[in-house]
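Trainee: I have a model open and would like to go through it with you. Can we start with the terms and then take it piece by piece?
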Amino acid sequence: MILWTQKIFNWTLYLTAFTPLIFFRDVPFAYPIGKMVFFRGIISFLTIFFLIIIIYSIVEKRRISDFFPNFENIKKYLIHPLGLALLGVFLSVILSTLFAINPYRAFFGELDRQSGLLAYL
């Protein structure tokens, strides 16, 4: 199971490189909508897949680092100044969504800009 989980994760992450090539012709904003649907679809798939791996590792009493060898290095990346800056940006976006005048728009963003919390996650 370890090898195919890494292969699935790697190939779906490689698919995100093709995001700039995607566009839909029959929608009002052809270029951003196509990219948004494609990228969010891939990220949704990866999130569900990662949750399945976490549940499997809990049931089988295995470590997540058995499936993803670099997962143990995440503490090192979070302590780095760039990691702290990214955490600060995410925290500020979450706080601005919680205290927004229109929380629905703050969470989902506008159709043409995709600048909501969901786009940052």
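Mentor: One term to begin with: contact means heavy atoms within 4.5 Å. Also keep in mind that this is a predicted model.

Trainee: Fine. With that, what is Phe 38 in contact with, leaving aside its neighbours within four places in sequence?

Mentor: Phe 38 contacts Leu 15, Phe 18, Thr 19 and Ile 22. Phe 38 itself is in helix 2.

Trainee: Is Phe 38 buried, exposed or partly exposed?

Mentor: Partly exposed, because its relative accessibility is 22% and buried means under 20%.

Trainee: What about Phe 39, which residues does it contact?

Mentor: Phe 39 also lies in helix 2. Beyond four places in sequence, Phe 39 is in contact with Thr 16 and Thr 19. Its relative accessible area is 36%, so Phe 39 is partly exposed. The C-alpha atoms of Phe 39 and Phe 18 are 9.3 Å apart, and the two residues are 21 apart along the chain.

Trainee: Where does Pro 20 sit?

Mentor: Pro 20 is in the loop between helix 1 and helix 2. Pro 20 is exposed, because its relative accessible area is 57% and the cut-off for exposed is over 50%. From Pro 20 to Lys 35 the C-alpha distance is 6.7 Å, at a sequence separation of 15 residues.

Trainee: Let's back up. How many helices and strands are there in the chain?

Mentor: The chain has 6 helices and 0 strands. Along the sequence that reads α-α-α-α-α-α.

Trainee: What share of the residues counts as buried?

Mentor: 20% of the 121 residues. The chain exposes about 9200 Å², and carbon and sulfur atoms supply 71% of that area.

Trainee: And the contacts, what fraction join residues at least 24 apart?

Mentor: 44%, counted among contacts between residues at least 6 apart in sequence.

Trainee: Which residues make up the largest nonpolar core?

Mentor: It has 5 residues, namely Phe 9, Ile 42, Leu 46, Phe 49 and Ile 53. Helix 2, residues 30-59, gives the largest share of this core, with 4 residues.

Trainee: What does Thr 12 touch, not counting residues up to four places away in sequence?

Mentor: Thr 12 touches Ile 42, Phe 45 and Leu 46. Ile 42 and Leu 46 were in the core list above. Thr 12 is in helix 1, which covers residues 2-15. With a relative accessible area of 11%, Thr 12 is buried.

Trainee: Change of topic: which residues are buried in helix 4?

Mentor: Gly 83, Val 93 and Thr 97. They cover an arc of only 90° around the axis, so they are on the same side of helix 4.

Trainee: What is on the face turned away from that buried side?

Mentor: The exposed residues Pro 81 and Leu 98 are carried there.

Trainee: And what covers the buried residues of helix 4?

Mentor: The cover includes helix 3 (74-79), helix 5 (103-108) and helix 6 (117-120).

Trainee: What span should helix 4 have at 1.5 Å a residue?

Mentor: Helix 4 has 18 residues, 81-98, and should span 26 Å. Its end C-alpha atoms are 26 Å apart, which agrees.

Note on methods: Residues numbered from 1 in each chain as written. Predicted model: local features only at pLDDT ≥ 70, side-chain atom pairs only at ≥ 80, totals over all residues. Heavy atoms only, no water. Helix = DSSP H or I, 4+ residues; strand = E, 2+ residues; numbered from the N terminus. Expected span 1.5 Å × (residues − 1). Buried < 20%, exposed > 50% of the residue type's maximum accessible area, 1.4 Å probe, protein only. Arc of directions from axis to C-beta. Core = buried A, V, L, I, M, F, W, Y, C linked by side-chain atoms within 4.5 Å. Areas by Shrake-Rupley, 256 points an atom, 1.4 Å probe, with all protein chains shown as cover.
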